[in-house]
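Work through the exercises below with the sequence and the model open, and try each task before reading its solution.

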Amino acid sequence: MSQSDLTVSNDTGANVRSDLQAHLQALGSTSLGNSAPSTIYQGQHWIDSNTPSGTIWTEFVYDGATSIALHYIDTASNVAYPVSAMPLLGYSAQGAPVMTGDIRTTAATAVPGSSNTTTGYNLAANGTLHLSNNGSYVALINRNSSGSELIFALSGTTVGSISVSGSATAYNTSSDYRLKFDVEPIDWWDAAALIARMNPVWFKWVSNPMGNRVDGFIAHELAEVLPGAVTGEKDAVDGDGRIVPQGVDQAKLTPLLVAVVKGLVQELKLLTTLLAAQDERIAALES
């Protein structure tokens, strides 16, 4: 570390020489230290060698009132990047910037939103994004015309989207006929048999024991009847023993419900027709 007050002592001989050497070393190291120099001048640059960590330094410029962060210097990866841009930048063969490290708003050892309550964001070079906030919302996505807000893809193929139109939001999953084969109608009686095996329940969430009871399903029970509506494995935990919860896509029940309703409507129409015919026969006999 090399810092000094950059003022030559009013002295002679070896003392002046030693003082000048200290000033030159400070200038040569951009006043490297774990805090700002005790004496700092407007326009002076200095490097904090301990922020945000011992291997990621921050370069500052003093504007006469405040030290303003300019760059991060990653001494482990031997790269630097502007604070405003955040990622560790490299350059492709075409000269375009590419991300070679993680974007973080906290210390390098913390990942906001990943199994913790750290507030901030983290975009890793592998494409993982974490957002964590205690404010009114975590993310706001806006577009100024109707269309897709988010598009979901698997291996480059679109499988769903969230779109807006007017004041409405649509949650879309792929359903194009060109993506399907071996299509056949759902028999309403078979659908009714599946629904009869389901166990809808009222419950409270462990995380909100004082909250209202809500309705839903127990995931592993529903998986025995309709496995396509359930994700995850029963009793799964991560490497730290934390619960990895199963999930239910209740929209997957809709085709079965529609099939049953259609079947019941057809049966109702048939019964109505039979009853009307019977009433006509009774009326004829009575006359």
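**Exercise 1: a sheet**

Strand β10 and strand β11 (residues 157–165) pair in the antiparallel sense over seven bridges, where pairing requires that DSSP finds at least two bridges between two strands, and strands are DSSP runs of E with at least two residues, numbered from the N terminus. The model is predicted, so local features need pLDDT of at least 70 and side-chain atom pairs pLDDT 80 or more, whereas totals for chains, interfaces and linings use all residues. Residues are numbered from 1 along each chain as its sequence is written, and side-chain values use heavy atoms, with hydrogens and water left out.

Task: State which strands stand at the edges of the open sheet, and why one side of each lacks a neighbour.

Solution: Begin with the order, which is β10-β11-β12 with antiparallel pairing. β10 (147–154) and β12 (168–173) each have a single partner strand, so they stand at the edges with one side left without a neighbour in the sheet. Within the pairing, phenylalanine 152 stands opposite glycine 160 in β11.

**Exercise 2: aromatic rings**

Solution: The structure holds three aromatic pairs (ring centres within 6.5 Å; planes under 30 degrees apart are stacked, over 60 edge-to-face, the rest tilted).

Definitions and conventions. Helix = DSSP H or I, 4+ residues; strand = E, 2+ residues; numbered from the N terminus. Phe/Tyr/Trp six-rings, centres within 6.5 Å; stacked < 30°, edge-to-face > 60°.
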